[in-house]
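Thanks for coming, everyone. Please have a look at the structure as it comes up, and then I will walk you through a few of its residues and end with the whole chain.

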Amino acid sequence: MDREEIYEMVIREMTETAVHERNEQSPEEQELQEKVARLSKEMQEKIKDLPEDVKKAITDYVEATLLAADHDCLYLYAQGARTVWRC
């Protein structure tokens, strides 16, 4: 495992831990997570009768969007962490 892979693993773990702690301590974040869960169930219910190709296109789009946002957040976090580690 090279240095970049180790950084990525450590950053992912630190990010997940920080988000988990924030969600536990923040009523606003808990409310947002509950809203996301409700909307997810609602979306699943609304798309269940759509043709499979349409349902797949919607699901693929949502998953890709969330994955891209996750990658952006990890990248930005890593840039900040690298700046701190260099000091």
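Predicted model: local features only at pLDDT ≥ 70, side-chain atom pairs only at ≥ 80, totals over all residues.

**A walk through the chain**

Let me start with Asn23, which is buried, its relative accessible area being 17%, where buried means under 20% relative accessible area, exposed means over 50%, and partly exposed is in between, with a 1.4 Å probe and protein chains only. Residues are numbered from 1 along each chain as its sequence is written, and side-chain values use heavy atoms, with hydrogens and water left out.

Asn23 sits in helix H1, residues 3-25; helices here are DSSP runs of H or I with at least four residues, strands are runs of E with at least two, and both are numbered from the N terminus. Leaving aside residues up to four places away in sequence, Asn23 touches Glu29, Gln30 and Gln33, contact meaning heavy atoms within 4.5 Å.

Glu29 is itself buried, at 19% relative accessible area, and it forms a salt bridge with Arg22, the closest N and O atoms being 3.3 Å apart. By salt bridge I mean a side-chain nitrogen of Lys or Arg within 4 Å of a carboxyl oxygen of Asp or Glu. In general, side chains of opposite charge can pair when their charged atoms come close.

How many salt bridges does a search of the whole structure find? The search finds six, and one of them joins Asp70 to Arg12, with 3.2 Å between the closest N and O atoms. That pair links distant parts of the chain, since Asp70 is in helix H3 (residues 52-86) and Arg12 in helix H1, 58 residues apart. Asp70 is partly exposed at 28%, and Arg12 also counts as partly exposed, at 30%.

Finally, the whole chain has three helices and zero strands. The C-alpha trace spans about 55 × 30 × 20 Å along its principal axes, and the radius of gyration is 17 Å, whereas a compact globule of 87 residues would have one near 12 Å; this radius is taken over C-alpha atoms, and the globule rule is 2.2 Å times the number of residues to the power 0.38. Of the 87 residues, 13% count as buried.
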